[in-house]
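Hello,

Here is the structure I promised to pass on to you. Please open it beside this email and follow along as you read.

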Amino acid sequence: MAFENLSERIQKALKNLTGKGKISEEDINKASREIRLALLEADVNFKVVKDFIKTIKKEALGKEVQESLNPGQQVIKIVNEQLTKMMGEEAVPLNKSKHIPTIIMMVGLQGTGKTTTVGKLAYHLQKTEKARPLLIAGDIYRPAAVDQLKQIGEQLKVPVYSEDGEKDVAKIVQDGLAEAEKNKNDYVLIDTAGRLEIDEPLMEELERVKKVANPDNILLVVDAMTGQAATDVAKGFDERLDVTGVILTKLDGDTRGGAALSIRAVTGKPIIFTGQGEKLTDLDNFYPDRMA
Ligand SMILES: Nc1nc2c(ncn2[C@@H]2O[C@H](COP(=O)(O)OP(=O)(O)OP(=O)(O)O)[C@@H](O)[C@H]2O)c(=O)[nH]1
Ligand SMILES: [Mg+2]
């Protein structure tokens, strides 16, 4: 898991803080340097690191060291508690609508895994709730995007709503929702287009889709491999769309995990699922306490 290295590193760095009694200021300063390095190397946003160190210092200073621990272990305990706190204490579920369908809109930059994740989530809902979702193909810019979603739909035996030649995504979404209403689908998952970076036309389009769909969940899909940049992207999307949660993909890759911590800290929005591979089964609930 992504933070194993981080915890390990911090532990290694602090294990030579020995002695008894209170944690001294010198202990804390030494520990802080190591923690800062470990977090930066894990690709945590520098401002997040700064705030984190401040909190650790405040928490640790003058704290009695528990009988069974040395100062190093005590600091590790504080670090782990604060990491968990920052990630959110508990797993956060999806918002459910009182009346079917519950609507989920997927947003994110190009190639982050939106379309794949629509499929993974549909499968997850089938599995865990015997759900009957409908997928809406809201990425009209690449013809291949609609085919990709249709293929996923075939694999899962889930209907995919698309309109050939329609240029107004908001209209497709509106018609798709009417279709779901007719078929009494309990979930609607809306796939949307991505861009290389946040730009005005994309944001305007997503805002229009949000307006017609009034989604219960707007899930921002973020590629964990993008590290530092992920934080700014998350902030940008959240400011415009007020996302309800984050899905962190590609955690199976060689990622340093700092993105998760940073995104949560900067946007305050929970990570709800993680993507752990390319297959439709590779989606996991996110448990903050298992990350730290
Ligand atoms: N290893 C790994 N690969 C993933 C994961 N999620 C998605 N991918 C891969 O990432 C690539 C892009 O995924 P898509 O789902 O097409 O991404 P997208 O956001 O829809 O891309 P656009 O529609 O172009 O914006 C594909 O090759 C996926 O198989 C993941 O969790 N782990
Ligand atoms: Mg896509």
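Predicted model: local features only at pLDDT ≥ 70, side-chain atom pairs only at ≥ 80, totals over all residues.

**What I found**

Lys250 lies in the loop between β6 and α10. Its phi is near 65 degrees, a positive value in a residue other than glycine. To put that in context, most residues other than glycine have a negative phi, and most peptide bonds are trans.

Lys250 also has a charged partner: its side chain meets that of Asp223 in a salt bridge, with 3.5 Å from N to O. This pair links distant parts of the chain, since Asp223 belongs to strand β5 (residues 217-223) and the two residues are 27 apart. Asp223 counts as buried, because its relative accessibility of 12% is under the 20% cut-off.

You will find Lys130 in the loop between α5 (114-129) and β2 (133-138). With 72% relative accessibility, Lys130 counts as exposed.

The bond from Ile100 to Pro101 is cis, and its omega is near 0 degrees.

**The sheet**

Now have a look at the strands. Eight of them make an open sheet with mixed pairing, in the order β3-β2-β4-β1-β5-β6-β7-β8. At the edges stand β3 (160-161) and β8 (283-285), and each has a single partner strand, so one side of each is left without a neighbour in the sheet.

Is β4 largely enclosed or open? Six of its six residues are buried, so β4 is largely enclosed by the rest of the structure. In a regular strand the side chains alternate between the two faces of the sheet. Both faces of β4 are covered: Tyr187, Leu189 and Asp191 are buried on one side, and Val188, Ile190 and Thr192 are buried on the other.

Strands β1 and β4 run parallel and are joined by four bridges; the bridge partner of Ile104 in β4 is Leu189. Strands β2 and β4 also run parallel, with six bridges between them, and here Gly138 has Thr192 as its bridge partner in β4.

Elsewhere in the sheet, three bridges join β6 (residues 245-249) to β7 (residues 271-275), and these two strands run parallel. Ile247 stands opposite Phe273 in β7.

Side chains of opposite charge can pair when their charged atoms come close. How many salt bridges does the structure hold? There are 15.

One of them pairs Arg240 with Glu200, with the closest N and O atoms 3.0 Å apart. This pair, too, links distant parts of the chain: Arg240 is in helix α9 (residues 229-241) and Glu200 is in helix α8 (residues 200-213), 40 residues apart. Arg240 counts as partly exposed at 30% relative accessibility, and Glu200 counts as partly exposed at 40%.

Another salt bridge is formed by Asp139 and Arg142, where the closest N and O atoms are 3.9 Å apart. Asp139 is buried, with a relative accessible area of 6%, whereas Arg142 counts as partly exposed at 42% relative accessibility.

Finally, find Lys30, Arg33, Arg36 and Lys57, which form a positive surface patch. Which helix gives the largest share of this patch? That is helix α2 (residues 25-41), with three residues. Arg36 is found in helix α2, and at 35% relative accessibility Arg36 counts as partly exposed.

Enjoy exploring, and write back with any questions!

Best wishes

How values were computed
Residues numbered from 1 in each chain as written. Chains lettered and ligands numbered in written order. Heavy atoms only, no water. Patch = residues over 30% accessible without salt bridge, like charges linked within 9 Å, V, L, I, M, F, W, Y side chains within 5 Å. Areas by Shrake-Rupley, 256 points an atom, 1.4 Å probe, with all protein chains shown as cover. Salt bridge = Lys/Arg side-chain N within 4 Å of Asp/Glu carboxyl O. Lys, Arg positive; Asp, Glu negative; His and termini not counted. Charge placed at Lys NZ, Arg CZ, Asp CG, Glu CD. Buried < 20%, exposed > 50% of the residue type's maximum accessible area, 1.4 Å probe, protein only. Pairing = 2+ DSSP bridges.
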